[in-house]
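Good morning, colleagues. I shall take a few minutes to guide you through the structure now on the screen.

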Amino acid sequence: DSTGKAHISYFDNDNYDLKYATNASGSWVTTTVDSSGGVGEYTSIALDSTGKAHISYYDNTLKYATNAFGSWMTSTVDSSGGVGEYTSIALDGSGKLHISYYDATNEDLKYATNASGSWAISTVDSDAGRMSSIALDSLGNIHICYFRYYNNAIRNLKYATNSSGVWKTNTVDSSGKVGEYSSIALDSTDKAHISYYDDANGDLKYATNTSDSWVTSTVDSSGDVGMYTSIVLDTSGNVHISYYDDANKDLKYATNASGTWVTTTVDN
């Protein structure tokens, strides 16, 4: 948040609950947000300008929780079939919510927003949508990266945006079994930067459209690395990626802040 305190949403596997942790008081405090059945998987968190939390999560439906009104309130956003896996949430400048998620029943990428005052739901792409990550640009347009897994034969990294006024989708990388565990961030010119996993080669990969066309590169190929990626950009536009090294069971970090990619083991 604005004071540098951390806010984490997570799944309690023992009790099948959605939980929340923060050190805003100076020490870690954990709270059960939703315990109504088996809830809380595929959770994503965003903070508003006042530091209040907004959480999307899965309950065989898409659910949403917030403490913006003082106490935790939960609601169902989409219950049309088996929906709500792989959620990713973002807030725009007006505090409106934007959520990307997977419809397992129809195998589609879906998007929900309350920008109009009530929840509106749309299908963005068909036969795709797992492991989505969402970001908003300076004009409030939506950018989503996601994994297309179809019939165990197609495994691609895809990207969708409504910046033209309608949803347009592109395949970013189709070079083998790629695109899992993707994460997206936008730079000051609203160009996209995506980290993701190359399952065929066990590599951490990176894609960007800063040149107006997609360029992909391998960041780390030392063993089986690149799962569970998370990407951010600093104020200079340098890229910072955290990810998992499955061969050594380590947390790793990569950055191009020096001009070339440098990787480091953070926790072994």
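Asp-212 lies in the loop between strand S18 (203–208) and strand S19 (215–220). This is a predicted model, and in it Asp-212 has a positive phi of about 75°, although it is not a glycine. Is Asp-212 buried or exposed? With a relative accessible area of 63%, Asp-212 is exposed.

Between strand S1 (7–12) and strand S2 (17–22) we find Tyr-16. Tyr-16, not a glycine either, has a positive phi of about 55°. Its relative accessible area is 45%, so Tyr-16 counts as partly exposed.

Let me turn now to the hairpin of S16 and S17. Five residues stand between these strands, and Asp-190 takes a positive phi near 70° in this hairpin. The two strands run antiparallel and are joined by six bridges. Ile-184 stands opposite Ile-194 in S17. As for S16, nine of its nine residues are buried.

That brings us to the interior. In soluble globular proteins, nonpolar side chains tend to be buried together. Here, the largest nonpolar core has twelve residues, among them Ile-184, Ile-194, Leu-157, Tyr-159 and Val-172. Which elements give two or more residues to this core? They are strand S14 (154–161), strand S16 (178–186) and strand S17 (192–198).

Finally, consider Tyr-159, a member of that core. Leaving aside neighbours within four places in sequence, Tyr-159 is in contact with residues including Cys-145, Val-172, Ile-184 and Ala-192. Its contacts also include His-143, Lys-168, Asn-209 and Trp-214. Thank you for your attention.

Notes:
Residues are numbered from 1 along each chain as its sequence is written. This is a predicted model: local features need pLDDT of at least 70, side-chain atom pairs count only at pLDDT 80 or more; totals for chains, interfaces and linings use all residues. Side-chain values use heavy atoms; hydrogens and water are left out. A nonpolar core is a set of buried Ala, Val, Leu, Ile, Met, Phe, Trp, Tyr and Cys residues joined through side-chain atoms within 4.5 Å. Buried means under 20% relative accessible area, exposed over 50%, partly exposed in between (1.4 Å probe, protein chains only). Helices (H or I, at least four residues) and strands (E, at least two) are DSSP runs, numbered from the N terminus. Contact means heavy atoms within 4.5 Å. Two strands pair if DSSP finds at least two bridges between them.
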